[in-house]
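User: Hi! I have a model open here and would like to talk it through with you. Could we start with a loop residue and then move on to the sheet?

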Amino acid sequence: MMISSWIATWAGLVPSGAAILDVAAGNGRHTRFFADRGHPVTAVDREVSGLAAADNVEVIPADLEDGSPWPLAGRTFGAVAVTNFLHRPLFPHLFAALQPGGVLLYETFMIGNERFGRPSNPDFLLKDGELLELVRGRFSVVAYEARMISEPKMAMVQRIAARLSS
């Protein structure tokens, strides 16, 4: 599967060699992308059979939605990348996992996506402007979009690239 065009566009914000946290990493498309760019990457997902640990890749199996403790308590990263995943109770943990000046790259589905298929449950769809509200006052927003996309499939997405204020 191809990497997200949003991640590819804004990956340059991440300082060279900075540690990356890939949340809900899936089969590791963004894990491999950042590892190939020389970043140490920690990939977290419930199902990790498609992820391979390597010299600069740490794989952590964890169900991020079952109420278990955050598996990375006390660890910080130069960037956090999240695509096609939304579990609102994780936002405080994601923000706490960023070092001062760290980069948040987040892209997921929003209200309106239900007309294109899944996800259609409002629990998994961002509300209008929700990402902007979450980072207000704590991050410097570099880029933000809320729009319909056609690749890799028709969808309504919200995405943000923001730097944690130091």
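Analyst: Happy to! This is a predicted model. N84 counts as partly exposed, with a relative accessibility of 39%.

User: Where does N84 sit?

Analyst: N84 is in the loop between β4 and α3 (91-96). Its phi is near 55°, a positive value in a residue other than glycine.

User: And A24, what is its phi?

Analyst: Phi of A24 is near 55°, again positive in a residue other than glycine. A24 belongs to the loop between β1 and α2.

User: Is A24 buried or exposed, and why?

Analyst: A24 has a relative accessible area of 18%, so it counts as buried, the cut-off being under 20%.

User: Great. Now the sheet: what is the strand order?

Analyst: The order is β3-β2-β1-β4-β5-β7-β6, in an open sheet of 7 strands with mixed pairing. At the edges are β3 (57-61) and β6 (139-149), and each pairs on one side only.

User: How do β2 and β3 pair?

Analyst: Strand β2 (residues 41-45) pairs with β3 in the parallel sense, over 5 bridges. For V41, the bridge partner in β3 is V57.

User: Which strands does helix α2 touch?

Analyst: Helix α2 (residues 29-36) packs on the sheet and touches β1 (20-23), β2, β3, β4 (77-83) and β5 (98-109). Its direction makes about 175° with that of β2.

Technical notes
Residues are numbered from 1 along each chain as its sequence is written. This is a predicted model: local features need pLDDT of at least 70, side-chain atom pairs count only at pLDDT 80 or more; totals for chains, interfaces and linings use all residues. Side-chain values use heavy atoms; hydrogens and water are left out. Two strands pair if DSSP finds at least two bridges between them. Helices (H or I, at least four residues) and strands (E, at least two) are DSSP runs, numbered from the N terminus. Contact means heavy atoms within 4.5 Å. Axes are lines fitted to C-alpha atoms, for helices over the stretch in contact, and angles run from 0 to 180 degrees between N-to-C directions. Buried means under 20% relative accessible area, exposed over 50%, partly exposed in between (1.4 Å probe, protein chains only).
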